[in-house]
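Dear colleague,

Please find below the structure that I am handing over to you, together with its sequence. My notes on what was found in it follow directly after.

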Amino acid sequence: MTDSRPLTLTPRIEPSLQSVLDETELLHQLADGLGSPLNIVLPGALAANVEAFRAVYRRHHLRGHVYFAHKANRSSALLRELATTEAGVDVASLGELQHALGAGFTPDRIVATGPKNRDFLGLAVRTGVLISVDSLDELLLLQKSGARVLLRLSGFTSTGVQTISRRSRFGIPFDRLDEALDRCEEIAGIAYHLDTIGPPEKAVALEGCLAAIDECRRRGLPVWSIDIGGGFGVNYLADGAEWERYTTELGQAVLGRRAPMTWNDHGYGLRNEAGTLRGALGLYPAYRPVSGPGYLDQLLATPAPEQRRPLGELLLDSMIDLDIEPGRALLDQAGLVLARVVSADGEIVRLDINAGDVSLEEHGVLMDPVLVGDRREDPTEVFLLGNLCLESDLITRRKVTLPARPRPGDLLAFVNTAGYFMDFSATRALHQSIARTVAVSRRANRWTWCLDDQYWPVHGGAS
Ligand SMILES: *Cc1c(COP(=O)(O)O)cnc(C)c1O
């Protein structure tokens with residue numbers, strides 16, 4: 001029996017973002033005036049996201065910094081708005097450090113992470129921002145500089161449980177901690193960031209940091225904080241059952257047991273080996289009921305693999321501050337990308353946007369776009385193709401479901417794309433223009449807009 005209902009993947013849209021989508025006329029005016037694609041950011045979404053993380057700190061009686069990982073979005077409006085909250089910022093390049101200082105962050109609210117060239121290190125040292133040291137070489141460059149440093153570690157292992165820890169190109173290997181400590185006169189804290197969503201791997205890393213702090217204290221180096229990086233994630237989809245159904249049907253399609261759902265039978269990592277489904281779905285788990293602050297809460301409640309007490313309790317008992325660097329999670333519901341429909345012919349819809357401008361596919365996040373204007377006819381399944389003269393320029397390698405057949409001139413909104421999908425991979429290939437970014441804010445009960453670099457937060461007014 002084949003199930004003929006459309007395979008929708010409905011995005012999770014909170015009221016504020018929905019009310020922007022409801023401004024059909026405004027969105028059309030913006031796209032007419034500023035072109036397609038167009039990025040729209042909602043700085044007003046940030047304060048609540050910071051506060052949701054803070055609530056988890058309170059629940060676990062912990063203190064520490066919430067640093068926004070700037071690399072997730074280039075916007076000035078978002079950064080300037082964030083500067084009005086209590087959050088700090090994690091910068092990973094000279095340009096990001098300059099941007100953060102210019103947005104109003106004082107150096108005590110900034111941490112410099114990632115690989116650093118001499119100029120980046122130089123400005124970081126001169127301004128006195130905290131430096132998360134990425135390698136033993138970097139530590140050597142910083143010797144006698146007076147810099148405040150975190151040691152970023154990687155390659156944690158645990159004897160208590162078997163946990164697969166992939167090799168990372170970042171951080172000082174845990175088994176070279178002694179060498180690192182020999183090069184330090186003072187350390188502000190220990191850090192890690194793992195590009196994974198697996199809680200067991202993070203529990204091992206966090207317990208490893210606790211062990212590293214014990215070692216520091218044994219050497220007479222007092223250390224009072226652990227920075228556990230980012231990777232708390234976002235729940236992109238409204239309905240877990242849709243996600244289950246979609247991925248199940250995708251497997252069936254790969255096996256040839258139902259109509260193809262993707263361009264050239266792309267399997268997103270799954271393949272058909274003589275009638276058996278093999279491989280692994282290389283997708284972000286777009287439906288994630290435990291994500292963002294909830295994920296942090298769960299991690300802190302997780303027993304340490306060796307000591308077997310909740311990690312949050314261990315931090316509290318050792319009087320260690322917890323610092324975090326969420327990127328994606330702090331941008332939840334904070335933006336969307338608009339694209340204009342150029343043509344629609346059967347199941348092929350061409351858009352004035354390319355796969356670099358909205359890189360959901362590249363990041364393995366599957367969710368349907370929203371047809372601006374709330375037209376509802378028959379649900380329609382279409383492929384979305386980009387504006388580059390390239391075979392690979394597919395906005396989606398799968399059919400997406402729209403509530404009506406799109407027409408030339410329509411706008412599609414790719415929602416909740418502020419974290420990584422908006423400007424991270426945009427290029428000027430073929431002289432296509434890069435999307436402009438506008439910031440929208442709610443004033444006197446309506447949405448107003450300005451260009452991203454014109455945005456400065458107004459607080460205490462009628463906002
Ligand atoms: C990218 C990055 C982050 C943010 O990761 P998210 O998955 O967006 O939360 C935090 N810290 C460091 C060092 C990073 O490189």
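I begin with the second largest cavity, whose lining residues divide into four nonpolar, two polar and two charged. The residues concerned are Val234, Tyr236, Arg328, Leu331, Asp332, Asn416, Ala418 and Gly419. The volume of this second largest cavity is about 30 Å³. Please bear in mind throughout that this is a predicted model.

How many cavities of 30 Å³ or more are there? The count comes to two. The largest cavity holds about 50 Å³ of space. Its lining is made up of Val358, Leu360, Glu361, Val365, Leu366, Met367, Ile395, Thr396, Arg398 and Phe414. By class, the lining of the largest cavity comprises seven nonpolar residues, one polar residue and two charged residues.

The pocket and its ligand

The largest pocket has a volume of about 1,000 Å³. It is lined by 42 residues, of which Lys71, His193, Leu194, Asp195 and Thr196 are the closest to its centre. Sorted by class, the lining of the largest pocket has 14 nonpolar, 16 polar and twelve charged residues. Strand E6, which spans residues 149-154, supplies the largest share of this lining, with three residues.

Where does the ligand sit? The ligand is placed in the largest pocket. Around the ligand there are 13 residues, and those that come nearest are Lys71, Gly231, Glu325, Arg328 and Tyr420. The shell around the ligand consists of three nonpolar, five polar and five charged residues.

- A nitrogen atom of the ligand lies 2.6 Å from an N or O atom in the side chain of Glu325.
- An oxygen atom of the ligand lies 2.9 Å from a polar backbone atom of Gly327.
- An oxygen atom of the ligand lies 2.9 Å from a polar backbone atom of Arg328.

On its own, the ligand has 390 Å² of accessible area, and the protein covers 87% of this.

Backbone geometry

Two places in the backbone may also be of interest to you. Most residues other than glycine have a negative phi, and most peptide bonds are trans. Ser36 and Pro37, however, are joined by a cis peptide bond, with omega at about 0 degrees. Pro37 belongs to the loop between helix H2 (24-34) and strand E1 (38-41).

The other place is Lys144, which is not a glycine and yet has a positive phi of about 65 degrees. Lys144 is located in the loop between helix H7 (136-142) and E6. E6 is the strand that gives the largest share of the lining of the largest pocket.

With kind regards

Methods:
Residues are numbered from 1 along each chain as its sequence is written. This is a predicted model: local features need pLDDT of at least 70, side-chain atom pairs count only at pLDDT 80 or more; totals for chains, interfaces and linings use all residues. Side-chain values use heavy atoms; hydrogens and water are left out. A residue is near a molecule or strand if one of its heavy atoms lies within 4 Å of it. A polar contact is a pair of N or O atoms within 3.5 Å; within protein, one must be able to donate a hydrogen and the other to accept it, and residues adjacent in sequence count only if both atoms are side-chain atoms. Accessible areas come from the Shrake-Rupley method with a 1.4 Å probe; for residues, only the protein chains shown count as cover. On a 1 Å grid over the protein atoms alone, a cavity is a set of points where a 1.4 Å probe fits but cannot get out, and a pocket is an open set with protein on both sides within 12 Å along at least five of seven lines; lining residues have an atom within 4 Å of a point. A molecule sits in a cavity or pocket if more than half of its atoms lie within 2 Å of its grid points. Ala, Val, Leu, Ile, Met, Phe, Trp, Tyr, Cys and Pro count as nonpolar, Asp, Glu, Lys and Arg as charged, and the others, Gly among them, as polar. Grid points are joined across faces, edges and corners, and a volume is the space filled by probe spheres set on the points. Helices (H or I, at least four residues) and strands (E, at least two) are DSSP runs, numbered from the N terminus.
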